[in-house]
Amino acid sequence: MASGRIRIGISGWRYPRWRGRFYPKGLAQRRELEHASRCFSTVELNGSFYSLQHPDSYRRWYDETPDDFVFAVKGSRYITHMLRLRGVEQALATFYAQGLLALGSKLGPFLWQFPERMRFDAARMEAFIELLPADTEAASRLAGRRDASRLKGRAVLTPREHGPLRHAFEVRHESFVDPLFVDMLRARGMALVVADTAGRWPWVEEVTGDFMYLRLHGDAELYVSGYGEAALADWARRIRAWQRGGQPRGAHRATAAAVPRMPRDVYCYFDNDAKVHAPFDALALAQRLGEGPAGA
C-alpha cells in the first residue's frame, strides 16, 4: 500500500526574535517567507485568524514560494471566537472571498480553532460543518455571498486552480471529546487536530479522514518548551504510523472504532515559537522523517 505525504512546518513566519537566529542576519523582512519556504514544505498562515488579508498578499505569497509548497490557513476568529459559529454564513463567505482562492494548488487545509470556553453543541457544530465548502467550486459559490462592504471591491471569486478542500478542527474544551463529534468529522473526512499543549487542552488522536493535522505547542510549557530527541523520535513514530495507514501504539482515543487502513497525508506544525524552538524543532523532525522542503 502506498503511503501519504508528510509535511512538517511552522505556525506563522513573522517573528522578530527569529531574526538573526533562524533567519540570517541582515535578511530583509519581506524575504522571510521566501527563506522559510526553502526550509519547509508548508507553513500555517495565521494572519487570516486575526483579520481579512488583501488579495495582493495571497498572490505575493503564491509567487514567493516553490511550486510544491502548501499553506494551511487558519480560520477567522470572528467566526469561531466572536460569533461562536452562530449566524456565520455571510462571515464565512467573506472569509473565502478575501483572496484565498488565489493560492491555487498551494491552498492546503483550513484550521478551525475553537476557544477554550466553547462547549460542544451538536446542532451548532453540524450547521457549521454543513456550510464548509468541500472544494474550490463550492468555495467560489460561497464567496459570492460575501459582505461586499467589508472587502470594498477586493474579492477573489474565481479559483486559480480547482480541487478539493480539507478542514481540521482544534478543540479546547473537554466536551468535544465526544464520539458524536468524532463521528461528525469522520462522516465528512474532516480532521480532528492532534494538539500537544503541555496538558492544558484535550489531546485526542482520532483518525477521521485521509489526512492528519498536528499542532505542537510545547510538551512541558505552552509555546515555550522545545522538543528533545526522545520526544521528536516519538512524534516521528506516530507520524509514520498515520502516514502508512495505521494508528500508533498508545494513541489517546475518544472512540473504539476500527481505523480503516489507507494512506494518509500528515501535516505537522510547530507553534512553540516563544524561544525560537519552532523552526529548529521542525527541521529536526523533518530530518528524522526524511521530509525535505518543497522543490528539494
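Q: Is Arg-188 buried, exposed or partly exposed?
A: In this predicted model, Arg-188 is partly exposed, with a relative accessible area of 28%.

Q: Which residue does Arg-188 meet in a salt bridge?
A: The partner is Glu-130, and the N to O distance is 2.6 Å. The pair links distant parts of the chain, with Glu-130 in helix 6 (residues 122-131) and Arg-188 in helix 9 (residues 179-188), 58 residues apart.

Q: And Glu-130, buried or exposed?
A: Glu-130 is exposed, because its relative accessible area is 53% and the cut-off for exposed is over 50%.

Q: What about Asp-183 and Arg-186 in helix 9, how many residues apart are they?
A: They are three residues apart, about one turn of the helix. Their side chains meet in a salt bridge at 3.7 Å, N to O. Asp-183 is partly exposed at 40% relative accessible area, and Arg-186 is also counted as partly exposed, at 25%.

Q: Which residues do salt bridges with shared partners join into one network?
A: Arg-5, Arg-7, Asp-68 and Glu-291 are joined in this way. A search of the whole structure finds 25 salt bridges.

Q: Changing topic: why is strand 8 described as largely enclosed?
A: Six of the six residues of strand 8 (residues 211-216) are buried, so the rest of the structure largely encloses this strand.

Q: Which residues are on each side of strand 8?
A: Phe-211, Tyr-213 and Arg-215 are on one side, with Met-212, Leu-214 and Leu-216 on the other; all are buried, and both faces are covered. In a regular strand, side chains alternate between the two faces of the sheet.

Q: Through which helix does the chain cross from strand 8 to strand 9?
A: The chain passes through helix 10 (residues 229-243), and this β-α-β crossover is right-handed.

Q: Now the aromatics: how many pairs does the search find?
A: The search of the whole structure finds 26 aromatic pairs. One of them is Trp-18 with Phe-22, edge-to-face, at 5.8 Å centre to centre and 85° between the planes. Trp-18 is buried at 0% relative accessibility, and Phe-22 is buried at 6%.

Q: Which residues form the aromatic cluster with Trp-18 and Phe-22?
A: Tyr-15, Tyr-23, Phe-40 and Phe-280 form one cluster with them.

Key:
Residues are numbered from 1 along each chain as its sequence is written. This is a predicted model: local features need pLDDT of at least 70, side-chain atom pairs count only at pLDDT 80 or more; totals for chains, interfaces and linings use all residues. Side-chain values use heavy atoms; hydrogens and water are left out. Rings of Phe, Tyr and Trp (its six-membered ring) pair if their centres lie within 6.5 Å; planes under 30 degrees apart count as stacked, over 60 as edge-to-face and the rest as tilted. Buried means under 20% relative accessible area, exposed over 50%, partly exposed in between (1.4 Å probe, protein chains only). Helices (H or I, at least four residues) and strands (E, at least two) are DSSP runs, numbered from the N terminus. A crossover is right-handed if, with the strands pointing away from the viewer, the path from the first strand over the helix to the second runs clockwise. A salt bridge is a side-chain nitrogen of Lys or Arg within 4 Å of a carboxyl oxygen of Asp or Glu.
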